[in-house]
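Visitor: Hey, I've got a protein open here and I'd like to talk it through. Can you help me find my way around?
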Amino acid sequence: MKITVTTLNDDIFVLDVSEDLELENFKAFCEVESGFPAHEVVINHNGRPLGDNRKSMKAHGVTDGDVVILQHISSSSQMAFNSPDQSLLSNQLDFSGIQIPGASSSRPTAGDIMSRAPMDDPAHVRDLFLANPDQLALLKQNNPRLADALATGNLDEFAKVLREQLEEKERRQQQRNRMMNAHPFDTEAQRLIADEIKQKNIEANMEAAMEYNPETFGVVVMLYINCKVNGFPVKAFIDSGAQTTIMSAACAERVNIMRLVDTRWAGIARGVGVQRIIGRIHMVQVAIENDFLTTSFSVLEEQAMDMLLGLDMLKRHQCCIDLEKNVLRIGTTGTETPFLAETELPPCARLSTNIDDPDVVRKVEERDLEKAIEDSKKDRANAPNWNAASSSNSSRNSSSASSAQSVLPSDKFTENDIKELVSLGFTREQVISELRNFNGNKTQATAALFAKSLKF
């Protein structure tokens, strides 16, 4: 069975033991994990200490999944705890606070600094850390926020962060005390204990990763290659996760191929963010080393990268991303081109994309989507109406076209309603048709017009 052991020092570990294991042997396991001698350990379960070391854990009422509290008691306190004569408690003298003259003291740790420094004096705490460079380095690793506040040199900022963290620590300690004293069937206490165990496991996992796989915390350089488009050098980003090959409008202007853009392929590209597609260039030759490869481009209006080689081109030319040799291999020709080093990357590749606030990401995407939709509506409003009635149609078709342009006596909408919706970028025929479909309901007609205009 698995037993979760927690100490008053916020240490939590799980032991997988037999239910017939005696208490003294269980304490021996706890000694290995906690470092406290087994004879100085008291195990508490359901608010009561377990006294008989010869009894099994099952006999003490401990079952699979239970949580026990490990309490460390000094030898003198242990003797007084086991002695029936309570007067011994008053006779025990504590000499631990006496400092031996001439004894060398070790350098204080970060925990000692925080425990000895007066918490109401942030300046004293700051000076203690500045006087101990090794502990300052440890603070940067374990508490980056407080270390950054210390590095600013602003005492008020450091005091604010320190006060917030101390209040949070005190709140968690009070919460932990309530958990330990709560009824074992209290669902809220059990949930908090489970969250505490989960957080400890996450921290242990991160510590193991930092020790055994520190390279996972490094920054990975994106894959770029040098190529030429229309004779102009371009740094292209290799992205096997992109469906199509794209190019920015600025890059298309720079390499003099903007004249080939087919605006009939305009639309909206959605992925990590939202971009407006101006159109498509159906065929362009890209020079990679001595090879000239044919591909097509979707031209994006506001794109940080000049060019992105997507999966369509990579599959067409059977390209292989060889990370062992750090090259891109063209399968159809066997040509290899090396990936660029970090110093050769374009400025957009060095931008950090780690945004902590998800609201910022959401607002940016909503803003980009609204702008792309607005631009697309303008393009549609300026486009010729290919659905207009032909002058060569019969008189019946002419009368139908005339009715699509004017308000009939049976219509339940006015000319002002039509003008209001036409001002949004829709044609008169579309507005009248949707108003008739929804029996003059302007709200539903507007929603239908927008829904149909977003189909690209």
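Visitor: Of the contacts between residues at least 6 apart in sequence, what share joins residues at least 24 apart?
Guide: That share is 52%. Keep in mind that this is a predicted model.

Visitor: Okay, and how many helices and strands does the protein have?
Guide: The secondary structure comes to 16 helices and 15 strands.

Visitor: What percentage of the residues counts as buried?
Guide: Of the 456 residues, 32% count as buried.

Visitor: Let's talk about charges. How many salt bridges does a search of the whole structure find?
Guide: Twelve. In general, side chains of opposite charge can pair when their charged atoms come close.

Visitor: Which residue does Lys 58 form a salt bridge with?
Guide: Lys 58 pairs with Glu 19, and their closest N and O atoms are 3.9 Å apart. The pair links distant parts of the chain, since the two residues are 39 residues apart. Lys 58 sits in the loop between strand S4 and strand S5, while Glu 19 sits in the loop between strand S2 and helix H1.

Visitor: Is Lys 58 buried or exposed?
Guide: Lys 58 is exposed, because its relative accessible area is 51% and the exposed class covers values over 50%. Glu 19 counts as partly exposed, at 36% relative accessibility.

Visitor: Now helix H9. Where in it do Arg 191 and Asp 195 lie, in terms of residues apart?
Guide: They lie four residues apart, about one turn of the helix, and H9 itself covers residues 187-212. Arg 191 is partly exposed at 40% relative accessibility, and Asp 195 is partly exposed at 37%.

Visitor: Switching to Asp 291. What is the nearest side chain of opposite charge, and how far away is it?
Guide: That would be Arg 329, 11 Å away. Asp 291 is buried yet has no salt bridge.

Visitor: Then what does the side chain of Asp 291 join up with in a polar contact?
Guide: With the side chain of Thr 333, at 2.4 Å. Asp 291 belongs to strand S11, which runs over residues 291-300. Leaving aside neighbours within four places in sequence, Asp 291 is in contact with Val 286, Ile 330, Thr 333 and Thr 335.

Visitor: And Arg 329, which residues are linked with it in a network of salt bridges?
Guide: Asp 322 and Glu 336. Arg 329 lies in strand S14, residues 327-329, and counts as partly exposed at 22% relative accessibility.

Visitor: How far is the C-alpha atom of Arg 329 from that of Cys 319?
Guide: They are separated by 5.5 Å, although the two residues are ten residues apart along the chain. Cys 319 is also one of the residues in contact with Arg 329; others include Gln 318 and Gly 334.

Visitor: Last topic, helices H6 and H7. At roughly what angle do their axes cross?
Guide: At roughly 125°, and the axes come within 6 Å. H6 covers residues 133-142 and H7 covers residues 144-151.

Visitor: Which residues of H6 meet H7?
Guide: Leu 136, Leu 139, Lys 140, Gln 141 and Asn 142. On the H7 side they meet Pro 144, Leu 146, Ala 147 and Leu 150.

Conventions
Residues are numbered from 1 along each chain as its sequence is written. This is a predicted model: local features need pLDDT of at least 70, side-chain atom pairs count only at pLDDT 80 or more; totals for chains, interfaces and linings use all residues. Side-chain values use heavy atoms; hydrogens and water are left out. Buried means under 20% relative accessible area, exposed over 50%, partly exposed in between (1.4 Å probe, protein chains only). Lys and Arg count as positive and Asp and Glu as negative; His and the chain ends are not counted. A salt bridge is a side-chain nitrogen of Lys or Arg within 4 Å of a carboxyl oxygen of Asp or Glu. A polar contact is a pair of N or O atoms within 3.5 Å; within protein, one must be able to donate a hydrogen and the other to accept it, and residues adjacent in sequence count only if both atoms are side-chain atoms. Contact means heavy atoms within 4.5 Å. Axes are lines fitted to C-alpha atoms, for helices over the stretch in contact, and angles run from 0 to 180 degrees between N-to-C directions.
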